[in-house]
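Thanks for coming. I have one structure to show, and I will keep to a few points about it.

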Amino acid sequence: MRRKDREITDIRKAEEIVAFSRIMHLGLFDGSYPYVVPLHYGYRIENGRFIFYIHCAAEGHKLDCIKKNANVFVEIDRETGIIPGETACGFGAGYESVMFCGTAKIVEDATEKASALRLLMKTQTDRDFDITEDMAAAVCVVRIDTQTFSAKARKE
């Protein structure tokens, strides 16, 4: 990372960004061009690694890309405000961001799907919802297991 003064290496600080943001940008391989889609997500940390869950329709371009190449890239950020300056070049943007390399797979297990959707709703609304396996059967759930993360922030 070029700006070591902005680097975040503490997983708890990275989790703060993930916990307070609501949209991830999921990067997929799509032939000659990358395909990036904004999505709501749920997450948990297991053995020091983030696991994300997203949901979608049972068919579509996103799933086609995942089936061809399960390697994905996740970016989550939040703006923290404009940093004022005396000149145009002196202004800056405050931000926090975290990025992950990982692999995606379609969740087939009905119990994991329902649990993932409960986690997604908790992450997005901070409320607990009862989601049954029958309800979960109506959507596709994708699990993203991350291998690495990098994060940085600029607050002033």
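Before anything else: this is a predicted model.

Which residues of helix 2 are buried? Helix 2 spans residues 61-68, and its buried residues are K62, L63, C65 and I66. They line one face of the helix, because they fall within an arc of 160° when you look down the axis of helix 2. The general point is that an α-helix has 3.6 residues a turn, so residues three or four places apart point the same way. On the face of helix 2 turned away from the buried side, you find K67 and K68, which are exposed.

Strand 8 covers residues 140-154, and strand 1, residues 7-8, is joined to it by 2 bridges, running antiparallel. There, E7 is opposite K152 of strand 8.

Strand 5, residues 49-56, also runs antiparallel to strand 8, with 6 bridges between them. As one example, I51 has D145 in strand 8 as its bridge partner.

Then strand 7. How many bridges pair strand 7 with strand 8? There are 12, again antiparallel, and strand 7 runs over residues 92-106. In this pairing, G102 has T146 of strand 8 as its bridge partner.

To recap, strand 8 pairs with strand 7, and bridges also join strand 8 to strand 5 and to strand 1.

How values were computed. Residues are numbered from 1 along each chain as its sequence is written. This is a predicted model: local features need pLDDT of at least 70, side-chain atom pairs count only at pLDDT 80 or more; totals for chains, interfaces and linings use all residues. Side-chain values use heavy atoms; hydrogens and water are left out. Two strands pair if DSSP finds at least two bridges between them. Helices (H or I, at least four residues) and strands (E, at least two) are DSSP runs, numbered from the N terminus. Buried means under 20% relative accessible area, exposed over 50%, partly exposed in between (1.4 Å probe, protein chains only). The arc is that of the directions from the helix axis to the C-beta atoms.
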